Amino acid sequence: MPTKDTLNMGKVFATLTITNRADQIRAGDGTIAPDQVRTVTLSNVLVDTGATTLCLPPEIVAQLGLELLKEVDVATAMGIGKARIFRDASIAIGDREGTFECLELPGGSNPLLGVIPLEALGLEPDLKNQTLKVLPITSNDTYLTIL
């Protein structure tokens, strides 16, 4: 019978803080109070290199008050379906931060962190150690390239 350790083998989970970037801007210009900035910290978010971007269930999207950008077709394990894309989800993981689009998952689904935010933030899944490796941003080893 599989144990919890064998069920999670090769999986990487992350803790991330997601903030409504539009709220951050409004707080910065004094339109709203800083304590009105909507933010949520999620632990045990699956790092999924099969997912393109940040994927959140509808209740988290609603809690953050993210603005709808568009509806798109998405390829899933169940085939092609419709999904909604929201804008201005600011993700912070450790000392790395960036603003990304967010795909709304069906209700009851767990959040996923996909490849676009991983690459943009310079994070790489280390399956052996089940952690996120932080890639360097200085010296000749920087992950940032312009070729």
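The largest pocket holds about 540 Å³ of space. Its lining is made of 25 residues, and those closest to its centre are Cys-55, Val-74, Ala-75, Thr-76 and Leu-103. Keep in mind as you explore that this is a predicted model.

Which strands supply at least two residues each to the lining of the largest pocket? They include β4 (67-76), β5 (79-93) and β6 (96-104). Sorted by class, the lining has 14 nonpolar residues, five polar ones and six charged ones.

**The chain as a whole**

Now step back to see the whole chain. Its secondary structure comes to four helices and nine strands. If you walk along the sequence, the elements follow the pattern α-β-α-β-β-α-β-β-β-β-α-β-β. The chain has 147 residues, and 34% of them count as buried. Contacts between residues at least 6 apart in sequence tell you how the chain folds back on itself: 58% of these join residues at least 24 apart.

Let us return to Cys-55, one of the residues closest to the centre of the largest pocket. A disulfide is a covalent bond between the sulfur atoms of two cysteines. How many disulfides are there in this model? The count comes to zero. Cys-55 is in no disulfide, and its nearest cysteine sulfur belongs to Cys-102, 7.2 Å away. A disulfide needs the two sulfur atoms to be within 2.5 Å, so the sulfur of Cys-102, at 7.2 Å from that of Cys-55, is too far for a bond.

Are these cysteines buried or exposed? Cys-55 counts as buried because its relative accessibility is 7%, and buried means under 20%. Cys-102 is also buried, with a relative accessible area of 0%.

**Ile-18 and Ser-90**

Ile-18 lies in strand β1 (residues 13-20), and Ser-90 is found in strand β5. Ile-18 is buried, with a relative accessible area of 0%. Ser-90 counts as buried too, at 3% relative accessibility.

What does Ile-18 touch, beyond residues up to four places away in sequence? The list is Arg-38, Thr-39, Val-40, Leu-42, Leu-54, Leu-56, Leu-64, Ala-89 and Ser-90. Ile-18 and Thr-99 are 81 residues apart along the chain, and their C-alpha atoms are separated by 9.2 Å.

Ser-90 has its own set of partners, again without counting residues up to four places away: Thr-17, Ile-18, Thr-19, Arg-21, Gln-24, Glu-97, Gly-98 and Thr-99. With one of them, Glu-97, there is also a polar contact of 3.1 Å between the side chains.

**Around helix α2**

Next, look at both ends of helix α2 (residues 21-28). Asn-20 caps the N-terminal end of this helix, where one of the side-chain oxygens of Asn-20 lies 2.9 Å from the backbone nitrogen of Ala-22. Just after α2 comes Gly-30, which takes a positive phi of about 85°.

Within the helix itself you will find Ala-27. Leaving aside neighbours within four places in sequence, Ala-27 is in contact with Ile-32, Ala-33, Pro-34 and Val-37. Ala-27 and Val-37 are 10 residues apart in sequence, while their C-alpha atoms are 7.0 Å apart in space.

Gly-30 is a glycine with a positive phi, but Asn-44 has a positive phi as a residue other than glycine. Gln-130 is not a glycine either, and its phi is positive as well. The table puts these two side by side.

| Residue | Phi | Place | Relative accessible area |

How values were computed:
Residues numbered from 1 in each chain as written. Predicted model: local features only at pLDDT ≥ 70, side-chain atom pairs only at ≥ 80, totals over all residues. Heavy atoms only, no water. Buried < 20%, exposed > 50% of the residue type's maximum accessible area, 1.4 Å probe, protein only. 1 Å grid on protein atoms, 1.4 Å probe; cavity = no way out; pocket = protein on both sides within 12 Å on 5 of 7 lines; lining within 4 Å. Points joined across faces, edges and corners; volume = space filled by probe spheres on them. Nonpolar A, V, L, I, M, F, W, Y, C, P; charged D, E, K, R; others polar. Polar contact = N/O pair within 3.5 Å; in protein donor to acceptor, adjacent residues only side chain to side chain. Contact = heavy atoms within 4.5 Å.
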